[in-house]
Amino acid sequence: MDCLNSMAPTDEELISFALDGEALPEEANNHLQQCETCKQRLAAYKQANVYLLSHLYRSQCPSGEQLSLYCADLLPADERMSIASHVKDCPLCATEVEQSRSFLRMDIEIPASSFSLRALLHPIFATRVINAQPQFAVRGDASTATWPRQYKTESVDLSFHLSLTSSGQHMLLGIMTSTDPDGSVDSFEGVPVELYTAPGPLAASGDESAAPPLLRTQGDDLGHIVFKPVPAGQFVIVVYLPNRELVIEDLSIE
Ligand SMILES: [Zn+2]
Ligand SMILES: [Zn+2]
């Protein structure tokens with residue numbers, strides 16, 4: 001895209017204007033006001049600027065999951081410090097941290113008695129992913145006792161983390177990540193998620209109705225879910241995505 005008018009701003013002038021806000025020479029500026037071609041040239045540079053900025057930032061950014069754990073205070077000290085210093089300089093992560101923190105502070109549980117039971121029409125069972133990395137834990141039952149716990153389905157990865165709230169209660173933080181190449185899971189915002197005492201809603205058969213969930217919450221736009229306070233026990237979690245339900249069986253909290 002080129003403008004042949006002799007008054008047209010040069011590429012260099014337009015770039016300094018779009019990227020650094022440097023004023024254009026007066027004639028060039030006057031020309032820009034009335035030339036569609038030059039307006040389009042400018043718009044293209046501005047767009048490139050936004051794209052470059054977001055990519056430059058994002059290439060240095062911690063993953064969404066790490067940021068979530070950072071907000072929930074679940075990271076070891078060295079990782080926490082490196083993320084803290086990144087967040088100070090990165091407006092994108094700073095915004096995300098702000099959102100996560102306010103979500104974690106919120107009390108979003110809806111009393112279980114205030115809604116009717118749903119049927120599980122297309123339950124998809126999540127598979128537990130046992131971390132292959134060496135753990136500094138005893139062998140044997142270590143796999144059931146360690147946190148975080150990773151689960152996957154064909155379209156969503158889930159990780160669960162257990163932490164203590166300031167009042168000493170257990171808080172279960174879940175982070176959902178879409179792995180769906182078709183993008184059919186584009187948002188977790190507002191998705192209902194329920195925590196049942198095992199065996200949960202699938203154990204009911206025939207006319208027998210299942211017990212209501214113990215806790216209910218919903219996902220936020222970053223795929224977080226929080227249950228608090230969570231007692232010790234065996235639980236089943238159901239994520240009600242549109243058209244299907246993800247079922248996480250046998251999540252035990254000691
Ligand atoms: Zn022009
Ligand atoms: Zn960042």
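## The nonpolar core

Let's start in the middle of things: the largest nonpolar core of this structure has 36 residues, and Val236, Ile237, Leu246 and Ile248 are those with the most contacts inside it. Strand S9 gives the largest share of this core, six residues. Please keep in mind that this is a predicted model.

Leaving aside residues up to four places away in sequence, Ile237 touches Val193, Leu195, Ile248 and Leu251. As a general background, nonpolar side chains tend to be buried together in soluble globular proteins.

S9 (233-241) and S10 (244-253) pair in the antiparallel sense, over eight bridges. One pair to find is Gly233, which stands opposite Ile253 in S10. S10 also pairs with strand S1 (residues 123-125), this time in the parallel sense over three bridges. Here Ile124 has Leu246 of S10 as its bridge partner, and Leu246 is also among the residues with the most contacts inside the core.

The hairpin of S9 and S10 has two residues between the strands, and in it Asn243 takes a positive phi near 75°, although Asn243 is not a glycine. Is Asn243 buried or exposed? Asn243 counts as exposed, because it has 8 C-beta neighbours inside 10 Å. Asp250 lies in strand S10 itself and, though a residue other than glycine, has a positive phi near 55°. Asp250 is partly exposed, with 13 other C-beta atoms within 10 Å.

## A sheet of five strands

Next comes an open sheet, formed by five strands in the order S2-S3-S4-S5-S8 with antiparallel pairing. Strand S2 (127-129) and S8 are the edge strands, each pairing on one side only. On average, neighbouring strands of this sheet are turned by 25° against each other, direction ignored.

Helix H6 (residues 91-105) has 15 residues and reaches 21 Å from its first C-alpha to its last, close to the 21 Å expected at 1.5 Å a residue. Which residues of H6 are buried? They are Cys93, Glu96, Ser100 and Leu104. These four cover an arc of only 70° around the axis, which means that they sit on the same side of H6. The general rule is that an α-helix has 3.6 residues a turn, so residues three or four places apart point the same way.

What do the buried residues of H6 pack against? Their partners are helix H4 (64-71), helix H5 (77-89) and strand S8 (224-227). On the other side of H6, the exposed residues are Pro91, Thr95, Glu98, Ser102 and Arg105.

## Two cis peptide bonds

Finally, two prolines follow cis peptide bonds. The bond from Ala198 to Pro199 is cis, with omega near 10°, and Pro199 has its place in the loop between strand S6 (192-197) and strand S7 (215-218). Another cis peptide bond joins Lys228 and Pro229, with omega about -10°; Pro229 belongs to the loop between S8 and strand S9.

Definitions and conventions:
Residues numbered from 1 in each chain as written. Chains lettered and ligands numbered in written order. Predicted model: local features only at pLDDT ≥ 70, side-chain atom pairs only at ≥ 80, totals over all residues. Expected span 1.5 Å × (residues − 1). Buried ≥ 20, exposed ≤ 12 C-beta atoms within 10 Å, placed from the backbone. Arc of directions from axis to C-beta. Contact = placed C-beta atoms within 7 Å. Pairing = 2+ DSSP bridges. Core = buried A, V, L, I, M, F, W, Y, C linked by C-beta atoms within 7 Å. Axes fitted to C-alpha atoms, helices over the stretch in contact; angles between N-to-C directions.
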